[in-house]
Amino acid sequence: MEGQLIQAVEIASNPQLNPDPQLKSQALSFLEHVKSIPHENWSVGWAVWSARDDSGSSPKYSQNARMFGLILVDEFLNKGVSNCADPAGAIASLQEAAVNYIEAEYVQGTGDQSISFLKNKFAQVLSALLLQTYNLPPPFTLLPTLLATARRHPSASPATAGSSSQPPLNPLTSDLLLRVLHDLSVTLGSDATLRAVRSKERLQRDAAVRDEIRASHAASIAETVWRMVEEGATRVNQGPQADGAHQGAGLRQMTFKDAVELTGAATKVIEDYVSWIDIGLVVTNETVPILFNLLHHSIPSLRTAAADALLGIISKGMKPADKLSLAQALNLTEVITSLEARTRTSSAADGKGKANGAGSGDDSDENVEFREHLAKLTNGLVLELCKILEEVAAEDSTRSAADAMLTATLPLALCFLSDEFDETSEQMLSGINVVLSLYKKAKRRTGAVLSPARSGFLANLISVVLQKMKFDSEAEWSGASFGAADDDEDSEDEDAAKFIELRRNLQTVIGAIAAIDGQLFSSTVHSLVIQTFSAFEASAAGSGPQLEWQQVELALNVVHFYGDVLVSALATPKTGLSPGAFVQLPDESSKARNAKLSSEYLAGLPLNNLGEVVQQLVKSNVSAYPHPAVQLQFFECLIRYSAFFATRTGCVSDALMAFLDWRGLHHDKVGVRKRVNYLFYRFIKDLRTNSAIPADFVQKLLEGMQDVLVVRAELPEVAADEDPLEKATAPAGYFDSQLYLFETSGLLVSLLNTSADSQVMLLKAIANPLMEQQQQSVQAFAGNSADLRLVLQVHHLMLALSSLAKGFPDLNANSAEPEPQWVGVFKSVTEQILMSLSALNRFSIIREAARGAFARIVTTIGKAALPYIPGLIDGLLNEVSSQELIDFINFLGLVVNKFKENVKPIMDELFLVLVNRIFVFLNQSVSGTDDAVQRTELQRAYINLISSMVGSNMEGVFISEKNRGQLETLLQSIVFYSSNSDPMCQKSAVSILHRLVSVWGDASASASSAALPGFERFIYENLVGLIFEAPTKESFDPRDAQCQMVLGEIATLAKTIYQKRGEESVEYLANVYLPGINCPPDLAQDFTNNLKTLEAKPFKKYLENFIARSRGG
């Protein structure tokens, strides 16, 4: 077995030696099988791990083989012990073998050649073994044995023979011990994340082991580890020059490198165990100075380890008074304040958002990382003090002292929050948010005015946060992070993305400040914005210094979130900022902030702070600052506050002009133009809602857009196996954003509804050139079929024209009013699209564009588009793919639902052709998963179309003179899908059938005109059997919610047949069908009685029980 295992590992882990993939697959399968029965193979795994070569000094097998051997042992200890014939004997045997291995390899040998991954895995196995030993009868000896190995040395060492002094630490055994202790603590639950995902039984087991360790071994662990920290730090302080100075025969000496690693690891173990052992074992008069010495050490790894250990100590769960005493004893605020000042980077701030001016700080990675850990420690202290303040059981004196300490610590928190490195700042966010929550609760509880200390902190905090939201002076603006990538291959800058996320978190802080002190928030933001805009005006006039783009962008970003923060702070329903949010409403109108108020009324009211800021934004000409970040943020603000322009319509022209010139639609950066195209569309749409665009301004806007409404298709570069048309239409490129401009043009033209002639003239001025280009491109392609750019041009023009239609309001399908004049223009557009489709329908992008364009146009012009549907189908069906057919059927279903009787003649004309095409695809063989998915989607689309037609009273189409020859095939297909498709499709199919029975199946004389002759034969031959057969199929699961819905429709079908055919159906069931399926007479009688007497819902329950009985359930 051992030989097989070694061979399999070598084959699986070294494919170069064994290139045969089948052999490798067999090896992997064998190893997985061995791993699946660890209770049978753990001893083989241990043998592979511990085996030595003939000399006895080196491992016998490769690292990969030894690692797999350990994995087998680990699997056994974690999952297979209970399956073992003698669990206690196996654990005792493994414990003895492990102790012997440590003696041979770590005390006497090379410590697994100092290979980290092997030592880590061995430590994990020892940790798992330790846990299993606690299932044995006491005493529990493995942990004390491991602790004793820390000072065991080779047998040849003088230190092990007759010496009365304590031997020094053995670096190999000490390193292994620390790895085991760390893994043991994590395994037992010092990691809260792991505890959260463990079972109740596992948590109980871990708690019992922790209790035993606390009672029997915690003191020894603490003593051993603290001595390691102390002796390791002493050796570190001797420096690397002391290496080898005290070398003795057989005595393992600790090198400087060993000492640094061991001291850091031991300090980490202190952090691990402090959360669940007695605090008195960790915090003593001897140990605290050791930690503080490490905290001030020159070696970075020791400083950060000490900071983390102190965080673990201060975060330990304790009673409020005890926690306060601990915090006071540690005096962390004073200690960290000193370190913060010493470690400031070159551009650090002083905690009030102002640069310290030192300019000579330490920007090394080690120092930056240490400040991050100090910030984390400070944040932990803040959180613990807040817990004391929120603890109801805490005495007033305890809370008062904690509040004083918190107040003294907050300036330190601001120093770290204002750090130039975002990773350091982020460490303070949770603590700051808890402080603000505490302030907010206190204000809500007492309604009292904030104390001067708290008011001062909030003032400093908002200043720090606002400055922290500014881009670094060296930052490069990434358009991709703001939806303004120059091309589709630009990827989002990782640093920029992190900064944006930090901004969002900081905005949350500002929102909390606003909820506590709205006046402070408003005045601070108002001051920042107005001062920045004024400084920009002075700079533009040549009377002030040049502003950095980062400062201007910050002001605009603040404007952008100003309104959101106000809405949140006021706790008003977030339905958007209505015009009333920008003015000072009289008391009687304040409750109608979101109500519809006239522009004339709003214009007479003074602006509030938000309104003044937005007005200054528009009037300041700040959008002329020559940086894309500023210009883009300016337009984002206009969209956010579009409702403002209903209060000051005079500002509309300034905003629109900014969109039209070089700052917006004509910007030199493609990425900015792409984003602005969308923002301009949003702005016009919002202004139309608020009736803020003067009609006489429409033509001027359209003239300003004229040159950006030109469509120029460009083919991309492609490889030999790529389709240029497919590649050109796959990504969301510039043209996709340009479509927003055509829709915007439609929005603008639609505003001229009181001047029909001018409206049509402007609409034709936009549409006619596009239609002419489309016609010319089609003609040109007829003469040069190799020029695919012409096909792409036609595609683009189709979508541009349909986007133009999308800007117009949808006509009411049931309106009796005369057709607006502009509808005629879109009729011409539709005709041109169909002619282009007829000429180029062999190209899938043309078929897709025509279908999409028609869907948009029919939504806009309503009934006027219906006569063109047959032409669309003629152009599509001969070349259509399965997916295209699915999309078209779904579109047709929407048309049927919307226009109902109006579309009936058209459906009658095209139904036969359409259904035949659908059946062609449904009858094709399925060759893979994708085909199967498409088949299912097509089934659903087909059944949903039939359902829409029946629901719109179009069942007459099925029996018209043109289509009646297909009726039997149609009905049989519906019956088939009632039991041979997914549940939702089955439900729709059965629903169609019971609705057809309602219309065509009535046996009464009064319904003879509506009844379909011969339909009763179809009912008895097909539908009655369906009622009993569909629910008995293996694929039908009565426990499934969707299948229950199908069963409900089947029950309705049965009831409908009885309601329409009466006693005739009962006699057929009792005398023909049920006896034919060998149903007992008494059960058949019971079924017919319940069919006649029960309502639909109880009958469904009865039917379910009936089917279960027939299944033998």
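1. Let's start with the lining of the largest cavity, whose residues divide into ten nonpolar, one polar and no charged. Here Ala, Val, Leu, Ile, Met, Phe, Trp, Tyr, Cys and Pro count as nonpolar, Asp, Glu, Lys and Arg as charged, and the others, Gly among them, as polar. The lining is made up of Tyr 1020, Val 1024, Ile 1027, Phe 1028, Ala 1054, Ile 1057, Tyr 1058, Ser 1065, Leu 1069, Phe 1087 and Leu 1091. A cavity is a set of points, on a 1 Å grid over the protein atoms alone, where a 1.4 Å probe fits but cannot get out, and lining residues have an atom within 4 Å of a point.

2. A word on the model before going further. It is a predicted one, in which local features need pLDDT of at least 70 and side-chain atom pairs count only at pLDDT 80 or more, while totals for chains, interfaces and linings use all residues. Residues are numbered from 1 along each chain as its sequence is written, and side-chain values use heavy atoms, with hydrogens and water left out.

3. How much space lies in the largest cavity? About 80 Å³, where a volume is the space filled by probe spheres set on the grid points, which are joined across faces, edges and corners. Four helices each supply at least two residues of this lining: H43 (1015-1029), H44 (1041-1061), H45 (1063-1076) and H46 (1081-1093). H43 gives the largest share, four residues. Helices (H or I, at least four residues) are DSSP runs, numbered from the N terminus.

4. The structure holds three cavities of 30 Å³ or more.

5. Now to the cysteines. A search of the whole structure finds zero disulfides, a disulfide being a pair of cysteine sulfur atoms within 2.5 Å.

6. Asp 175 and Arg 179 form one of them, at 2.8 Å from N to O. Both residues lie in helix H8 (residues 171-190), four residues apart, about one turn of the helix.

7. Another salt bridge joins Arg 675 and Glu 636, with the closest N and O atoms 2.9 Å apart. Arg 675 lies in helix H29 (residues 670-689) and Glu 636 in helix H27 (residues 628-640), so the pair ties together parts that are 39 residues apart in sequence. Arg 675 is partly exposed, at 23% relative accessible area, whereas Glu 636 is buried, at 15%.

8. Arg 663 and Asp 661 also pair up, their closest N and O atoms being 2.6 Å apart. Is Arg 663 buried or exposed? Arg 663 is buried, with a relative accessible area of 10%, while Asp 661 counts as partly exposed at 23%. Elsewhere, a network of salt bridges links Glu 340, Arg 344, Arg 371 and Asp 419.

9. Take a look at Phe 499 too, in helix H22 (residues 494-516). Phe 499 is buried, at 7% relative accessible area. Leaving aside neighbours within four places in sequence, Phe 499 is in contact (heavy atoms within 4.5 Å) with Asp 422, Lys 468, Met 469, Lys 470 and Phe 471.

10. Finally, Gln 939 sits in helix H40 (residues 929-951) and is buried at 10% relative accessibility. Which residues does Gln 939 contact, leaving aside its neighbours within four places in sequence? They are Leu 922, Tyr 977, Ser 981 and Cys 985. Cys 985 is the cysteine from point 5, and it counts as buried at 3% relative accessibility.

Note on methods:
On a 1 Å grid over the protein atoms alone, a cavity is a set of points where a 1.4 Å probe fits but cannot get out, and a pocket is an open set with protein on both sides within 12 Å along at least five of seven lines; lining residues have an atom within 4 Å of a point. Buried means under 20% relative accessible area, exposed over 50%, partly exposed in between (1.4 Å probe, protein chains only). A salt bridge is a side-chain nitrogen of Lys or Arg within 4 Å of a carboxyl oxygen of Asp or Glu.
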